[in-house]
Amino acid sequence: MSTAIMKNKAIHLRLGFALNGILFALKSEASFRTQLLAAMAIAIVLIVTRPSPVWWGIIILTTGAVLAAELFNTALEKTLDHLHPAQHPQIKLAKDAAAGAVLVLGLTAILVFISFLASVFPG
């Protein structure tokens with residue numbers, strides 16, 4: 001199916017495509033499952049501690065960015081593996097850079113959460 005035909009599909013179909021991608025990552029990527037569990041634990045902490053709306057926003061944005069980065073990483077890996085199944089040093093670098101982006105966002109999310117905890121439970 002051409003890209004032009006895919007872009008003009010009804011919203012419910014496009015949402016279905018997006019959900020299929022999320023379900024694929026959930027089934028195939030241990031990192032995504034781990035990050036999703038962490039996101040659920042963070043949501044529970046937010047519900048229990050009831051922080052200000054600013055903290056909700058910062059943590060939701062950071063957590064969403066980590067999950068989105070993992071989905072981009074999965075998409076890139078699957079595409080590159082399909083286009084070039086054999087190992088290639090340049091493809092390895094591209095995959096490593098994408099994994100690095102997930103790591104940077106993950107570490108950032110951890111620092112944000114530590115900052116949040118420090119504000120909720122001072123000194």
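Predicted model: local features only at pLDDT ≥ 70, side-chain atom pairs only at ≥ 80, totals over all residues.
1. The largest pocket has a volume of about 250 Å³. Its lining is made up of 16 residues, and those nearest the centre are Ala38, Ile42, Val66, Gly106 and Ala109. Helix H3 (30-49), helix H4 (53-83) and helix H5 (89-120) are the elements that each give two or more residues to this lining. H5 gives the most, with eight residues.

2. The lining of the largest pocket has twelve nonpolar and four polar residues.

3. Surface patch. A nonpolar patch on the surface is formed by Leu103, Leu107, Ile110, Leu111 and Ile114, which together have about 500 Å² of accessible area. One of these residues, Ile114, is in helix H5. Ile114 has 48% relative accessibility and therefore counts as partly exposed, since the exposed class begins over 50%.

4. Leu105. This residue is also found in helix H5. With a relative accessible area of 28%, Leu105 is partly exposed.

5. Salt bridge Lys78 to Glu29. The structure holds three salt bridges. In the one between Lys78 and Glu29, the closest N and O atoms are 3.7 Å apart; the cut-off for a salt bridge is 4 Å. Lys78 lies in helix H4 and Glu29 in the loop between helix H2 (11-28) and H3, so this pair ties together parts that are 49 residues apart in sequence. Lys78 counts as partly exposed at 36% relative accessibility, whereas Glu29, at 12%, counts as buried.

6. Salt bridge Asp81 to Lys95. The closest N and O atoms of Asp81 and Lys95 are 2.4 Å apart. This pair links distant parts of the chain, with Asp81 in helix H4 and Lys95 in helix H5, 14 residues apart. Both partners are partly exposed: Asp81 has 34% relative accessibility, and Lys95 has a relative accessible area of 22%.

7. Salt bridge Lys92 to Asp96. The side chains of Lys92 and Asp96 meet in a salt bridge, at 2.5 Å from N to O. Lys92 and Asp96 are four residues apart in helix H5, so about one helical turn separates them. Asp96 counts as partly exposed, at 37% relative accessibility.

Notes:
Residues numbered from 1 in each chain as written. Heavy atoms only, no water. 1 Å grid on protein atoms, 1.4 Å probe; cavity = no way out; pocket = protein on both sides within 12 Å on 5 of 7 lines; lining within 4 Å. Points joined across faces, edges and corners; volume = space filled by probe spheres on them. Nonpolar A, V, L, I, M, F, W, Y, C, P; charged D, E, K, R; others polar. Patch = residues over 30% accessible without salt bridge, like charges linked within 9 Å, V, L, I, M, F, W, Y side chains within 5 Å. Areas by Shrake-Rupley, 256 points an atom, 1.4 Å probe, with all protein chains shown as cover. Buried < 20%, exposed > 50% of the residue type's maximum accessible area, 1.4 Å probe, protein only.
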